[in-house]
Every structure is written in C-alpha cells, then in structure tokens.
Amino acid sequence: MTDEAVGEFRNFGAYQLELHLEALGGVLPRLPMTFAALAARAEAALPAELWSYVAGGAGDELTQRANSAAFERWGLVPRMLVGAAERDLSVELFGHRLPSPLFMAPVGVIGLCAQDGHGDLATARAAARTGVPMVASTLTVDPMEQVASEFGGTPGFFQLYVPADRKLAESLVHRAEAAGFRGIVVTLDTWVLGWRPRDLVLGAFPQLRGHCLTNYTGDPVFRSRLAKAPEEDPRAAVLEWAGIFANPLTWDDLPWLRSLTDLPIILKGLCHPEDVRRARDGGVDGIYCSNHGGRQANGGLAALDLLPEVVEAAGELPVLFDSGVRSGADVVKALALGATAVGVGRPYAYGLAVGGEDGIVHVLRSLLAEADLLMAVDGYPTLAALRAEGALRRTG
Ligand code: FNR
C-alpha cells in the first residue's frame, strides 16, 4: 500500500472518541463491545450446526482454552513520560506496507457466516475498508477470483489446502496468482481432520454437505476428473473432493511446493523451532505459528507459549501468529513476543455473523483501537519499543 493509503488508516484509538461522540448524539453502539458479548450474539445469530463448527475445537477443547488463557500470563510494563502521542503500528510484510500488523486468518465457511451467504465477499470488503489483509481459505462460497476483486488497495493472501491431486494444486496456485493474491499460505496441520466431538453430535461438517467447495467445482482440473459436471451430479463432486482433499505432505514435498510459484510462500502450523529451521532452509518466505485455534490437535499447549522459540528460529523471516487472540491487548502481547503480524479467526467470524461487513469492520477497528490505546497509555509508541527488553513481564 502507498504511504498515503497507509496514513488514511492511522490513529486507530480515535474509534473510541467516535463511539462516545455518537453516544452524545443519542446513538449507543449497535454492535458488542466485548468478546464475550460478541460470542453470545453470534451464537444466537447462527444455526446450531454452524455455531458448533465455528466456535468448537478438538477434543474437550483444552487447547482452545489454553490458547486464550496463555495471554493472561503476560503483562506490559508501563513506561511514563514517553510522550507517545502518536503511535506507529505499520509493518512491512512481503514487500507491502500495511497500516497495522493485524490480519484475518483463513476461515473456511466464513462464507456461510453471513446472513446472505456471501461472507467471503463481505470479508474482502472489510479488508478494503480497514487495510487489514484477508487470508482467503481454499474453502469459500464465492470463487477466489471474485473474492480477490473486492480487496481494494489492501493486499490479500490465498490459503492453500494442498490437494493430493498435484495438478489441481498447481491449478489453484496459478489461479490465485492470476487473481492478484500476494502470497500463498500453505496450511500443514489439516491433512486429516482433528477429533471434534461437538461437530459429531450435530453432524456439523459443511463441506460434506457440498458447501464452500466452489474453488474446486469451478476448477478446470477438478472438473476434468469427474464423469459428470458438478452441477449435474453434486454428490459425485463432493466424493471426489473428499478423496483428494487430504495430502499428508512431507519435507520431501517442499521443493515441489516451492517450484509452483514465485509468490511468497508461508507455511501455516509451524510450532517447533526445528520445523521452522527446515522451512527456512527449504526457501519459504514466511513462518505462520498457529495451532489452528485448537481445532485440530488437542495436545494442550497454547500457541502463544511456542511463539518465542519460533521467532528465534525464524531469524530474518517474518512470523505470522494466530490462535486465541481475543483483544487488542492480546495483539500487543503477541507482537511484544516477536510476531510480525497477528491474526484473528473466530472474532471476525462472529462479527460477520452479528453485523455483516460492518460487524467485521467493527471487530477489527475495536481490536486496533484497544491495541493503539494500550501502547499510548503504557508508553510504547512503536513496535520496536514493544519488542525491547523488559516491555513484557510474566504475571505468574
Ligand atoms: C479455521 N481455520 C482455518 N485455517 C486454515 O488454514 N484454513 C481454513 O480453511 C480454516 N478454516 C477455519 C474455519 C473456522 C470456522 C475456524 C474458527 C478456523 C483456522 C484459522 O485460520 C486460525 O488458525 C484460527 O481460527 C485462529 O484461532 P482463533 O483466532 O479462532 O482462536
């Protein structure tokens, strides 16, 4: 983004005054101001199966709870007389200047979370309005080309679930390049679905019901594998998808992945420093530390607790982080622990469910306002200051 465009999104904390001024005019916020209230409203707004799929996690959801709880064990040490009247939250990521380090993590089924069933487009439009990039999932209601056309000046990224059919993988990547995505996020932790009891109770697995498969059913390679067009025989298309979705990749596949594109490749799901070093040696451009929001392995470790070692092993490579971020303070803590950019998943999905495109914009602006004001009050005007020795302290 240009400096001018980045400048337009500055002063995130001003959202607070904007809301107070509206209240003075007699208009109180229509959208929730806390994550708990947001989740409650989203649960009421979504059908039970969809709520289960979005809100739920693996096993007894210990990892999911641990992800958020981990943030409570860190606090920012206040610094006074810094004069942090203006804060600079902008970051450089894969050659793009961004107004803030926040991004929207890929959420397959985000399309379904909107009342009109076009949540992918609403998310892309929210990205355009906030300068907060969207990582679009492989699993969308609307095709990736249409999603990318709504990004405005904000760069977007394509998340790839690498299919077992290599020709299809190539086709998806080349389509993403042609559509104008600025990087490929390869998700490594979902070649098999984690054990999700909540979803089993309700039979909540939207893709098996034919939802969010447009990027496949519209793909020439995928279509060439079918005896009949997906429009004529949707069930056969779903079965073909179920057959090729999973690809248990190994490190031996990394050179092939790397060869598919000149776009930046970011590996999502890396939590062990040794894996980070191998990824770096394999020529990837970014590391994405995440445990899929506790949806995949219920191993019990919070992603945040693994972040510092990942950052150290990543060296010069940017580290994207998500899992458990629920507030602006959480964003700041992840940045202080070394993340280059911080993602949210469920928070913006809930915002969409509750308030459509405006709901996402509200969630993102609230996160950024809180982060900005925390940095102001505690005297950390820049991300570099946040990362300086002594800014963060363990609370227990
Ligand atoms: C996800 N996530 C995900 N990740 C991915 O790489 N591709 C995908 O299609 C999806 N789909 C998806 C659906 C739903 C409903 C959720 C909630 C999450 C994981 C996502 O990118 C991210 O890692 C987590 O959501 C981050 O955790 P929080 O912010 O939800 O705690």
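This is a predicted model: local features need pLDDT of at least 70, side-chain atom pairs count only at pLDDT 80 or more; totals for chains, interfaces and linings use all residues.
Residues are numbered from 1 along each chain as its sequence is written, and side-chain values use heavy atoms, with hydrogens and water left out.

Select residues 184-187 to see strand S7 (strands are DSSP runs of E, at least two residues, and helices are runs of H or I, at least four, numbered from the N terminus). Ile184 and Val186 point one way, Val185 and Thr187 the other, and all are buried (under 20% relative accessible area, 1.4 Å probe, protein chains only). In a regular strand, side chains alternate between the two faces of the sheet.

Glutamine 159 has valine 185 as its bridge partner. Now show residues 166-179: this is helix H8, through which the chain crosses from S6 to S7 in a right-handed β-α-β crossover (clockwise from the first strand over the helix to the second, with the strands pointing away from the viewer).

Then bring in residues 265-268, strand S8, paired with S7 in the parallel sense over 4 bridges. Here leucine 267 stands opposite valine 186.

Finally, select the ligand. What are the closest of the 22 residues around the ligand? They are Pro106, Ser137, Thr187, Asp322 and Arg326. Look also at tyrosine 161, where a side-chain N or O atom is 2.8 Å from a ligand nitrogen atom.

Terms used. Buried means under 20% relative accessible area, exposed over 50%, partly exposed in between (1.4 Å probe, protein chains only). Two strands pair if DSSP finds at least two bridges between them. A residue is near a molecule or strand if one of its heavy atoms lies within 4 Å of it. A polar contact is a pair of N or O atoms within 3.5 Å; within protein, one must be able to donate a hydrogen and the other to accept it, and residues adjacent in sequence count only if both atoms are side-chain atoms.
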